[in-house]
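User: Could you walk me through this model? I'd like to go residue by residue where that helps.

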Amino acid sequence: MTSDVAPANGRAPLAANPSRPRTFSGIQPSGVVHLGNDLGAIRNYVALADQYEAIYCIVDYHALTSTHDADALRQQTREMAASLLALGLDPDRCTLFVQSHRPEHAELMWLLCTVTPVSWLERTPTYKEKVQQQPDDVNHGLLTYPVLQAADIVIYKASMVPVGRDQAAHLELSREIVRAFNRRYGETFPEPKAVYTEAPVVLGTDGVRKMSKSVGNTIDILGEPDLVRKQVMSMVTDTQRIKRTDPGRPEICNVCQLQRFFGDDYEDLWEGERTARTGCVDMKKVLAERIIRHYAPARERYAELMAHPTEIEGILEAGADRLAPVATATMAEVKEKMGLR
Ligand code: AQP
């Protein structure tokens, strides 16, 4: 093996009572990572791992609500692990694992279901969206999704959850479920809080909707340079700027907004737009090349990791093993409180 990834094997298991506050976040293995994932969440995963006991999970149980091809799910789980590692998650500084490798998540979900009114789940915006998106597959998992999400977080008693703002309603629901459980069975779980980056909602290439795989408006940051160029060049800019000589409005132009994350000179670039010194096409070219350059090391690292699947598996298995004592301790406490022991 030529890769220099340090296996997480051999790290001490996580203590049931953390010495530092815990953060937890989950990400779906539903294909390639996009710019919205990185700017909205993954950058915070990396940053928070310095200060907190950080746990990150590839949520394959959640993915089963929409993905029904076993080989595809396995492959996408590996790809997501490689993407997160390539984007800076260090298995020596955080714990990365796959949701289904810790069966306690599903067990706790069932227990939390018994304190969760169905009406709370039916009003969840993402449930309503999914019903529209996959009308022939409105499976029960789509409805119960937020309860599993709550279980994912509270099984480790995490108090902070780095997510994009699209997850705000789910997180609020997790807090309600925690309150309902604590009211019925006594103080057990902390109420988790969302932690946002400076870009809590990244708009897609259409400039209107959230960047999202299911919409197909993504910029695939670890994709080939030509793909990134094509995606950036397709971006909708300031729709009122019709002629090249019209002044641009960087405040409402998605391309200009994204420049803020790829260089300190965005004010100068914006001035060029306002004075029509530069046009939208110029601005897109600059952005595309900067995104490609910024993610070039991660792209290389991703390829290297994908060439060593056993190394990825080792990191994920070690991550799940590290979490066993905490998950077991939480389940024992919960079962005791609920009269199951
Ligand atoms: N556009 C976004 N802006 C900011 N944050 C975002 N996130 C996703 N899109 C944006 C955040 O990324 C983390 C992982 O989200 P996920 O597991 O829901 O990932 P996803 O499946 O890649 O999200 P999509 O593309 O929106 O998927 P679909 O289309 O399947 O629903 C989360 O913290 C999320 O907030």
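Analyst: Phe24 is buried, as its relative accessible area is 2% (buried means under 20%, exposed over 50% and partly exposed in between, with a 1.4 Å probe and protein chains only). This is a predicted model, in which local features need pLDDT of at least 70 and side-chain atom pairs count only at pLDDT 80 or more, while totals for chains, interfaces and linings use all residues. Residues are numbered from 1 along each chain as its sequence is written, and side-chain values use heavy atoms, with hydrogens and water left out.

User: Which strand does Phe24 lie in, and what is it in contact with?

Analyst: Phe24 belongs to strand β1, residues 22-27; strands are DSSP runs of E with at least two residues and helices are runs of H or I with at least four, numbered from the N terminus. Leaving aside neighbours within four places in sequence, Phe24 is in contact (heavy atoms within 4.5 Å) with Ile55, Cys57, Phe97, Asp152, Ile153, Tyr156, Ala158, Met160, Val161 and Pro162. Of these, Ala158 is 134 residues from Phe24 in sequence, yet the two C-alpha atoms are 5.8 Å apart.

User: Which aromatic cluster is Phe24 in?

Analyst: Phe24, Phe97 and Tyr156 form one aromatic cluster.

User: How many aromatic pairs are there?

Analyst: The structure holds seven aromatic pairs, where rings of Phe, Tyr and Trp (its six-membered ring) pair if their centres lie within 6.5 Å, and planes under 30 degrees apart count as stacked, over 60 as edge-to-face and the rest as tilted. One of them is stacked, Tyr45 with Tyr56, because the ring centres are 4.5 Å apart and the planes are at 15°. That pair links distant parts of the chain, with Tyr45 in helix α1 (residues 35-48) and Tyr56 in strand β2 (residues 53-58), eleven residues apart. Both Tyr45 and Tyr56 are buried.

User: And Tyr266 with Trp270, how are those rings arranged?

Analyst: Tyr266 and Trp270 are edge-to-face, at 5.1 Å centre to centre with 65° between the planes. Both lie in helix α11 (residues 266-274), four residues apart, about one turn of the helix. Tyr266 is partly exposed at 22% relative accessible area, whereas Trp270 counts as buried at 9%.

User: Switching to α4: which residues are buried there?

Analyst: In helix α4 (residues 104-113), the buried residues are Glu104, His105, Leu108, Met109, Leu111 and Leu112. They cover an arc of only 165° around the axis, so they are on the same side of α4; the arc is that of the directions from the helix axis to the C-beta atoms. The buried residues of α4 pack against β3 (95-98), α7 (140-154), α8 (168-185) and α13.

User: What about Arg93, where is that?

Analyst: Arg93 lies in the loop between α3 and β3 and is partly exposed, with a relative accessible area of 34%. Not counting residues up to four places away in sequence, Arg93 touches Arg11, Val46, Ala49 and Asp50. The C-alpha atoms of Arg93 and Pro247 are separated by 47 Å, and the two residues are 154 apart along the chain.
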